[in-house]
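Subject: Structure handover

Hello,

Here is the structure for your files. My notes on helix packing and salt bridges follow below.

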Amino acid sequence: MSEFLKLKSLMFLLFLGASGAITAQEVSGIVSDETGPLPGVSVIVKGTTSGSTTDFDGKYSVNANNGDVLVFSYVGYDTQQVTVSGNTLNVTMKSGVALDEVVLVGSRTAPRSNVDSPLPVDVVGVKELTSTGQATFDKALQYRIPSFNTVQTPVNDATSLLDPYEIRNMGPSRTLILINGKRKNLSALLYTQTSPGRGETGADISAIPTDAIKRVEILRDGASAQYGSDAIAGVMNIILKDNASIGSATLRTGLTSEGDGEMFGFSVNNGSTIGDDKGFINYTIDFSKVNLANRPGTVNADGEAADFGANISDVREFLSRRPDAGNINGSPETAASKFLVNSGIDLSDNTELYFNAAYVFKKVNSFANYRTPYWRTITDFPYLADFFPGNHPTNAGGYDGYVPTFEGLLNDYNGTVGIKTTINDWNVDLSYTTGGNTQTYKVNNSHNRNFVYSPSTWVDSNNNGSVDDGEITEGSELYRSNSPQSFDPGGTRFTHNVGNIDINRILSDQVSIGFGAEFRNETFEVIEGILSSYDGGGADSFSGNSPENSGKFNRYNIGGYFSIDYDVSDAFLLSGTIRSENYSDFGNTFVYKLSSRLKLNEKLTARASVSSGFRAPTLHQIYTQKAQYSFIPGQGIQVGGLVNNVSTQAKLLGLPALDAETSNNFTIGLGGKLTNTLSFTVDYYSINVEDRIVLGSEVTPPNSPAFAGLSDLSFFANALDTKTSGLDVVISQKNIALGSGNLDLNLSGNYTITNERDGAVKDPAFLAPGQTIVTPTQEALFFTSRPETKWILGANYDINKFGFSLNNTYFGKTTFKQQGMSNDLRTEFTPKIVTDLGINFNATDKFTIALNINNLLNVLPEWSFKAENAAGQALINDTSLNSYGITDIQEQSNLITFNQRYSQMTYDGYHFSQLGTMFNLSLNYKF
């Protein structure tokens, strides 16, 4: 009878379930850590897309049945899975992942936590990046990572598409960029201006939408043995978001305190599960537009008259109307569209298919130096006249000069597809990665000076002895010229295809091994310009790529590595990696790495590593050959030639082919977690590079028809051995109770002890006596053009629905030796502190308003002359006027700023943004 009653009860329950009488209950609770309630924690019903996030009191509520599993996750904490057994479920998150985060970068065996790793790794979350208020990922890193530096170059032509960046003052070519652990393609751009990053190229990290990033791992150590070429200074691994159920939309806007540089952006990040909780897909769409911000200087008339041989009264008349000589320099107009997707699908219990892909389109509008009417006269270039009623003393027919435009288009893509599986305890990762970057250019409002029609045929129809405004009409002889005013100078393209297989296994509780192989194929293309863009000197301001300098260039390499970790004891770890690679264009290389970690006690850990490394010359450096417009102090803009090392011209000069750079790295450090909320790391590093590849200083070309028409000549060479050393410091104190809120304090810094040339410059034999390809100008760009020290002191305070952040970034001095300046002088940029303020208001648990005021106190770069010796000090102190009517020191200033056009930062560079205070407002809605 009892069995019958049980069956009857079961049937009744099934009937109620089928009729919907049983419904999910509301489960609520508070999520906290050891210091109190924790806002922003993701709470998901496992196997569904149903979920919520905790509010600022740590509270949440979801609909779930008894027996369902709730998944609690938050960056900086261990993910927890808890089974529902009632209406109330409180959870305490285990902290420690902020320091104990399992990092993917730096290890080729099983992943390790940060405190267990023998290598220094910074982990930066997306919240820290977005809190900077910076519009792009690279600029956000500038104000989060002391050893990372980037700034816009003074001259905005092709360089405006991608600002050079570097870690530890080692140049953009020596930091490897990974996305989800896979190599990202290089940019097609080669920096050739006399500014930081000259002669190098790097991946376009500014193209990655910040909203797509989960966290960034920065390995501050050489890692050629683990990853191959380019990892001399370190590795940046960008981990993409993988959340399947929580998304957001963000609206951004801003402008500078000068009322320009208006910014508008909109982005969406969202995700979804695939199948029956078998996988996820997360995608990001980002659109942005930034308007021009112009910061020209007031041009010096005496310097102009001297440089251009112009009548001083004509110059002063023009500058009375245009004190900045019409120059437009600062931050160019930029529009960008970014798309990114990241996905993983479980094919079985131990096999996952994963893929990610990204595409970026960027358009930049910038300007060359304004061609004033006493620099380019109407008798030479009448068809570019700016006509308006009335004549001026400096011109005929209202001609007032012209400004060539530079418009750049960038397309960047990358994608990876792979399979991770476990076979008999062997973890196997098989992947294919592709990527490319294309940059094409357009020059408008310019001309080719060798096609100008003779002005002798102008018609003076009024017979009054001059050509009047009324006689200058479209169709007159004045407009007849063979030169177009719009040019397609071509561009560059870089693509790569990479295949990887990585295998690792834990053999015992003490030993784990990893090994793998990589095949990479690279193609660099110089895209030919139209005839008028390069023929006879090319378009004024930016010469195009000629057929003989264009083409496709390819190489491949294959490499393999073996790595082993040996835990001698729970406290002592030894790790070693070896790697061999073969390049089709320069042969074999072999590198190694040895590292160790010793836990001194429960709170302190010591670590050290020694390694060798290499960097292959990029295809850009091997094959780029072009005519280059550049500023020559005292001579204005001149046309120089860049000769590649495999050309006929190189053979005439006796230049050898480029070889790989090699390096030796040493790092030793101490890390500690003194309490659950107080941690620190201190690391010393030393990097010695042999045969460093540089784009040399301009030298006088030989007297040969092969170099006719060039004012100077430059080329790449393995010209230097260098040594760099310094200290990295990170101190973090979290969860300080202050009133009703919590305060976090962070201090991080980088101090450069040594960054200099080691030994003599390896000059080619053809140079004339007294010439060198590494002048003091070049050495300053390589070694002292980035801050000698940089520190970031940050405070974050959360109280109720408000969050406040205050960051102070100290930029140490930078030193330049600009071309043409007296050898008795140098220029130093004064150390400055830039203060950023952020205010967040969580209006609801879904809607957040954020206001950022970057450079709150409107601090601007400042520089001054410094004496190298007594003669230099006498030059600084001399107040007498020279033959140009200015002091000698003013003449020196004119030389290096193009007569004050670039007065705030000189023609070579500066150490932080010249735009001053910037206001940014963002509205974020979670769904």
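In which handedness of crossing does H6 pass H7? The crossing is right-handed. Please keep in mind that this is a predicted model.

Helix packing

Helix H6 covers residues 301-308 and helix H7 covers residues 312-321. Their axes lie 9 Å apart, and the two helices pack at an angle of about 130°. Angles over 145 degrees would count as roughly antiparallel and 65 to 115 as roughly perpendicular, so H6 and H7 are classed as oblique to each other.

On the H6 side, the residues that take part are Ala301, Asp302, Glu304 and Ala305. They meet Ile312, Val315, Arg316 and Leu319 of H7. Sorted by class, this contact has five nonpolar and three charged residues, and no polar ones.

Salt bridges

The count for the model comes to 47 salt bridges.

Asp691 forms a salt bridge with Lys762, with 2.6 Å between the closest N and O atoms. Asp691 belongs to strand S36 (residues 678-695), while Lys762 sits in the loop between strand S38 (741-757) and helix H11 (776-783), so this pair ties together parts that are 71 residues apart in sequence. Asp691 is partly exposed, at a relative accessible area of 25%. Lys762 is also partly exposed, at 33%.

A further salt bridge joins the side chains of Glu779 and Arg757, at 2.7 Å from N to O. Here Glu779 is part of helix H11 and Arg757 part of strand S38, so the pair ties together parts that are 22 residues apart in sequence. Arg757 has 31% relative accessibility and therefore counts as partly exposed.

If you open the model, the H6 and H7 contact and the bridge from Asp691 to Lys762 are two places to look at.

Regards

Notes:
Residues are numbered from 1 along each chain as its sequence is written. This is a predicted model: local features need pLDDT of at least 70, side-chain atom pairs count only at pLDDT 80 or more; totals for chains, interfaces and linings use all residues. Side-chain values use heavy atoms; hydrogens and water are left out. Axes are lines fitted to C-alpha atoms, for helices over the stretch in contact, and angles run from 0 to 180 degrees between N-to-C directions. Helices (H or I, at least four residues) and strands (E, at least two) are DSSP runs, numbered from the N terminus. Angles under 35 degrees count as roughly parallel, over 145 as roughly antiparallel, 65 to 115 as roughly perpendicular and the rest as oblique. A crossing is left-handed if the near helix is turned anticlockwise from the far one by less than a right angle, and right-handed if clockwise. Contact means heavy atoms within 4.5 Å. Ala, Val, Leu, Ile, Met, Phe, Trp, Tyr, Cys and Pro count as nonpolar, Asp, Glu, Lys and Arg as charged, and the others, Gly among them, as polar. A salt bridge is a side-chain nitrogen of Lys or Arg within 4 Å of a carboxyl oxygen of Asp or Glu. Buried means under 20% relative accessible area, exposed over 50%, partly exposed in between (1.4 Å probe, protein chains only).
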